[in-house]
Amino acid sequence: MVKRTLVRLRQSRLCGDAFWALLGQLASALALLLGTRLLTERVAPDVYGEVALLSGWVALGVAAFSYPFICAGMRLLPECAGPAQRSQLQRAVAGLTGQATLLALGLLLAGGGCYAYLYRAPAAPFLLAGALLAVTVWREFGVQLAIGGRRQRRAALWQTGDSLLRPALAVAAVGYLGAQVESILAAYAAATLLSNLLWCRLGAESAAGDLAATDVRGLVGKIWRYAWPLLPMELVFWLNGVGDRYAIACLLSAADVGLYAAGYTLVNEAFNRGAMVLLRTFQPAYFQAFSAGERRRAHAVLRLWLYCLLAGGGLGLLALPWLGDWLVALLLAEPYRPVAALLPAIGGGCLLHALGTLWAQPLLAEKRTRVLLKGRLCGALAAITALPLLILQYGLPGAAWANPVYFGIEALVLALLAKPWRLRDGESLPAVAEPTAVVPLRAPA
């Protein structure tokens, strides 16, 4: 029986999806780490910090304005009956995403123009950040809809190609144009544009059937109903993910932002990618068992997920004090070496963030997204309170130690709200219930 199960698993489409998802995560992580090493060799911490700050605004535009609609399209795509409905859904998602992106671009350029006027700063970085925002939304639209259609190979290769092109063109631009913020942002935008053009051409499909305007308008309502609870939640994710960079910029300097962002990238890539693999492995099985009324099996899946996370994250956290100096020496240039002392605190925050996401799974399974939002808001309020206090008191180490403080508070509140240790009753969920909003882990841009 075990042998037959293993054979079926090996032959199943799920196994292939998992392979390409894991390959995409690993390849993207390696490309990002290699690119960080090459860039820090050629770029001073203050320039790297300015790029990180502008990239954070790009991430906000993608996450809070466009990603909820893209996520809705990814969730609704498997429910389409045929090519005609898929084309209608893509048109509806593209329309809403385009409108949201235009709003984000307007706010970014208006804010950048005011900043440039008040502080006599160049406006070119904000214009390039706007271009990067537009092509990044385009990439996310294609990648996430490919995932929704279970085209994991296409999504993984698109994501990996973009991750490889960005640092390669950035290093070339720095070599030819100098270590400037404008050259790096222009290289990022050009790399994503090239990747998008390549994969859109390779994946071009002709729309089958007529695209009735009434059908598209009907889909817009479904997309909005799915997406609107995600809008404030994405903002909270952004605040908890990259808000510390702006607190450091206001209270310290751009060079400190560069040091912190480089160190955070190293730790977050290890912890977040590992947590993402566990999320994509256990979350579908947990939701399936929960929806089928098999609550004991769902509880067992959640418990196994917790054991795996604690084992892997605990080993990583214990290794950071011993391997931190070696990792920084291997992956960062000499001016960034002082950040090694901050890695254990950042790692603790990443592990607590992953635990909070795990403990919140019963809320997602029961479709209590408003309660989940309350827990996330508690984490955001803790971050707003803890970051300035600890930075003013301890400087850059205070920003690192704020991570386990506010992520720990968020995880504790989510655990109290969700009560993951409680075994739910055996009643299955209604078949007409709204689709569950699956909220993934986030990695700073």
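## Overall make-up

The protein's secondary structure comprises 15 helices and 0 strands. Helices (H or I, at least four residues) and strands (E, at least two) are DSSP runs, numbered from the N terminus. This is a predicted model: local features need pLDDT of at least 70, side-chain atom pairs count only at pLDDT 80 or more, and totals for chains, interfaces and linings use all residues. Residues are numbered from 1 along each chain as its sequence is written, and side-chain values use heavy atoms, with hydrogens and water left out.

Of 445 residues, 51% are buried (under 20% relative accessible area; exposed is over 50%, partly exposed in between; 1.4 Å probe, protein chains only). Among contacts (heavy atoms within 4.5 Å) between residues at least 6 apart in sequence, 83% link residues at least 24 apart.

## Helix H4 and its end

H4 covers residues 83-119. Its 37 residues should span 54 Å at 1.5 Å a residue, since the expected span is 1.5 Å times one less than the number of residues. The end C-alpha atoms lie 52 Å apart, which agrees. Just after H4, arginine 120 has a positive phi of about 55 degrees.

Tyrosine 117 belongs to H4. This tyrosine 117 is exposed, at 62% relative accessible area.

## Cysteines

The structure has 0 disulfides (pairs of cysteine sulfur atoms within 2.5 Å). Cysteine 200 is partly exposed, with a relative accessible area of 28%. Cysteine 250 is exposed, at 68%.
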